[in-house]
Each structure stands twice: as C-alpha cells, then as structure tokens.
Amino acid sequence: MTEPTPTAVISGIGSCLPPRILSNDDVARRGVLDTTDAWIRSRTGIARRRQAEPGTSTGDLAVAAGRAALRSARAPADLVLLATTTPDRRCPGTAPDVAHRLGLGPVPAFDLAAVCSGFVYGLALATSLVRTGVCARPLVIGAETYSTIIDPLDRDTAVIFGDGAGAVLLRAGEGHEPGAVVAVDLGADGAGSDLIAISAGGSRQPDTSARLNRDSRYFRMSGREVYGQAVRRMTESSNAALERAGWGADTLAAFIGHQANQRILDSVADRIGVAPQYRFGNIREVGNTAAASIPLALAATAARKAVRPGGRTLLTAFGGGLTWGSVALRWPDTRPHTLAPETRAPVSATPPPHRRTPWKLSTTTS
C-alpha cells in the first residue's frame, strides 16, 4: 500500500487592514489627478482602498496579520516568511523583527521579494520546506504599505494600490485534507524587469535624493504591457498547476487571482474556464495590495463561508520581475481572524556607533 504523500496544509488564516478608507471620490478630491469615481471603477473595478497612517509600517501590519493567523490555528510557528516589496528598512529584513514581536523565539525568518507574486512564491517555498522536514509550522505573510512608494501624481498607480497584510499558518499533513497544497507552478522572465519597477534605491542607482527625477524615485508600471503579460502568464500558470493536480477547471469550487485589476481577473478566469460563481476576490473594497492581495482575498472569502472545506481551489498571481505563479489546493477548514495594526515607535534612524577593531601588522622571520 502506497503511503500518503506529505504536504503542507493551511491551518490558520489571518488578516490586517488599516482603518483608514480612501474612496475613489476621496482620491479625486485631492485635485492632483484628473480622475473620477466612474473612471476608476470602469478601468480597475476598485471603489476604495485602505491606507496606513503615518508611522504604521509594513512590519506593523505583518505582525497583526501573523498574530491573527496564529490565533486562527491555535498553534505557534517555527519559521516566518514575509513576502513584501515595502520592507521597513533596506537592511535588515523585516521578517526577523516580525518573528521577535510575535514572541516566536529564535526561529528562522526571512523576506521574499517577488512583488505581487510574493505570497504564491512564499506558499510554494514553505510547502517545500514542510515536505522536506526543514520546518513543521511555517507562517507565510504577505504585507505591503504601497502608499509609501506610490507617486501621488501618477494616475496609473495612485488609484490602484492599497495597504494591508494577510497570512496563513501551515502544518504538515496529507493531500486529501482541507487546506492541503496539491500542486504548484512558478515562473519568471527578467526580460520584462523594467515593466514594474522602482529605478532608484538599489546598487545600480543608489542615490534617491531630490536630484533624481520623479520617475526614478517612485514605483512605476507600464500598464498596457503589464496587462497583456499578466493575462498570458496567469492563464498559462493556472493551466499548468491544474494539470499537475489532475483537476479540470470545471471541477473548481474557488478561483482567487491576484487582485490587480478586475478586467485582468475576468480575462484570466474566462480563458481558464472558471464559471463566474466560483470567482472570489475583494478588489472593489481594498484595491491592489500586491503581495498581501491573495491572502487578504482568501481571508475575506473564508470569513463569508463562501466555499466548503475541501473544495478544489486555484490561486494565481503575477508581479514585477517579471514573476508569476499558481497554487492548486483544497479549501481550508479554518476560521480566519483579523486584527488591527500593531503600531510601535519607529526604530531610531541613528546608526549604531562604528567600533574600530584594533589591529597591528605582524611580521615573521624565517
């Protein structure tokens, strides 16, 4: 008799959304963008988004979402993986601080940068770590404060993105269980790395001062090219994940795509062959929250009990890099929790003192 194949199973779901809500009318009333509520809705499907208050960081949102997932599962984590494009600092990573604030002790913790595909990449990686015995209960968090990197004068991005965080806690289990990850597909194409990018701030262009133009200092996206790539890549990846799972699109009970744009979501679902009643999301209420997008939609759908535990589910995402990925899993049997942001005093901007190590040149004689 063949032993069941071990895999990762979602045992807890958590979410965190900043309390501040910005409607399309709020955005239009700022007067710096030539836009209206009708224009934004017709092109994106977004009606409102959340924005973190000044002083609330990505780490603050991640801690709240992570804590909510741990409470949902009623279990601790032994590894923390944080998918984000907006870390608290360029160095070090934000995940170790999140693990510390969650009281998890000296567990492994690291950031993952795959932009809007980050959570799917993280879920795939965490599943592999469970399957190979590296960890038993990884916590995967997608958290973003895109309001800190968006140009308020750029209509292509300022009306789309919002802030938030979502998380899942995984445990070791079997493929037939509710919440089990069944199949994964990942991909990337660096030839399109300039389509979604912040040009300055890295080693290639480290100066982020006012001497640089706005296009270099803020998040930029080539909308038309990204639209075509997103539809193509998510469709191909979804079909690959379904084939590996041995599932037909007509057997799906739930489809959750990265909440980038409603027209993109509809195009992908139509091409895969997912019936409208099995498509779930929250783009209308929270906008595009990048790496937090899929776990937030997962939490919102689970809170409504819209899908029966064990139902065949497909997650798919596309982001900068270019990166994309899909996960076929069984709908989890867990009650999601949500918490408010856990803000704290910002870390001092003063660098630690440099301690020079005394040394002397030593010579040897033969």
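Predicted model: local features only at pLDDT ≥ 70, side-chain atom pairs only at ≥ 80, totals over all residues.
Visitor: Where does arginine 344 lie?

Guide: Arginine 344 sits in the segment after strand S14 (337-338). Residues are numbered from 1 along each chain as its sequence is written, and side-chain values use heavy atoms, with hydrogens and water left out.

Visitor: Is arginine 344 buried, partly exposed or exposed, and what is its relative accessible area?

Guide: Start with the cut-offs. Buried means under 20% relative accessible area, exposed means over 50%, and partly exposed is in between (1.4 Å probe, protein chains only). Arginine 344 has 35%, so it is partly exposed.

Visitor: Which residues does arginine 344 touch?

Guide: A contact means heavy atoms within 4.5 Å. Leave out residues up to four places away in sequence, and arginine 344 touches Gly55, Asp60, Asp97 and Arg101.

Visitor: How do I read arginine 48, and where is its place?

Guide: Arginine 48 is in strand S3 (residues 48-50). Its relative accessibility is 22%, so arginine 48 counts as partly exposed. Setting aside neighbours within four places in sequence, its contacts include Ile21, Leu22, Ile283 and Val286.

Visitor: Now the whole chain. How many helices and strands does the protein have?

Guide: There are 11 helices and 14 strands. The radius of gyration is 21 Å, close to the 21 Å that the globule rule gives for 366 residues, so the protein is as compact as a globular protein of that length. The radius is taken over C-alpha atoms, and the rule is 2.2 Å times the number of residues to the power 0.38. Along its principal axes, the C-alpha trace spans about 75 × 60 × 40 Å. Buried residues make up 52% of the 366.

Visitor: Why look for nonpolar side chains inside?

Guide: In soluble globular proteins, nonpolar side chains tend to be buried together. A nonpolar core is a set of buried Ala, Val, Leu, Ile, Met, Phe, Trp, Tyr and Cys residues joined through side-chain atoms within 4.5 Å. The largest one here has 40 residues, and Tyr146, Ile196, Ile272 and Phe318 have the most contacts inside it. Helix H8 (223-245), helix H9 (262-272), S12 and strand S13 (323-330) each supply at least two residues of this core. H8 gives the largest share, 7 residues. Apart from this core lies another, of 33 residues, with Ile13, Val120, Tyr121 and Val181 among them.

Visitor: Which residues does isoleucine 196 touch?

Guide: Skip residues up to four places away in sequence. Among the contacts of isoleucine 196 are Val115, Phe219, Met221, Val226, Phe318 and Leu322.

Visitor: Is threonine 316 buried or exposed?

Guide: The relative accessible area of threonine 316 is 0%, so it is buried. Threonine 316 is in strand S12 (residues 312-319). Beyond four places in sequence, it touches residues including Met234, Phe255, His258, Ile294 and Ser326.

Visitor: Now the backbone. Which residues does a cis peptide bond join?

Guide: Read omega. A cis peptide bond joins cysteine 91 and proline 92, with omega about 0°. Proline 92 lies in the loop between strand S4 (79-83) and helix H4 (95-101). The bond from glycine 321 to leucine 322 is also cis, with omega near -10°. Leucine 322 lies in the loop between S12 and S13.

Visitor: What is phi of arginine 74?

Guide: Phi of arginine 74 is near 55°, a positive value in a residue other than glycine. Arginine 74 is in the loop between helix H3 (58-73) and S4. Its relative accessibility is 79%, so arginine 74 counts as exposed. Lysine 305 has a positive phi of about 55° and is not a glycine. Lysine 305 lies in the loop between helix H11 (293-303) and S12. With a relative accessible area of 74%, lysine 305 is exposed.

Note on methods:
Helix = DSSP H or I, 4+ residues; strand = E, 2+ residues; numbered from the N terminus.
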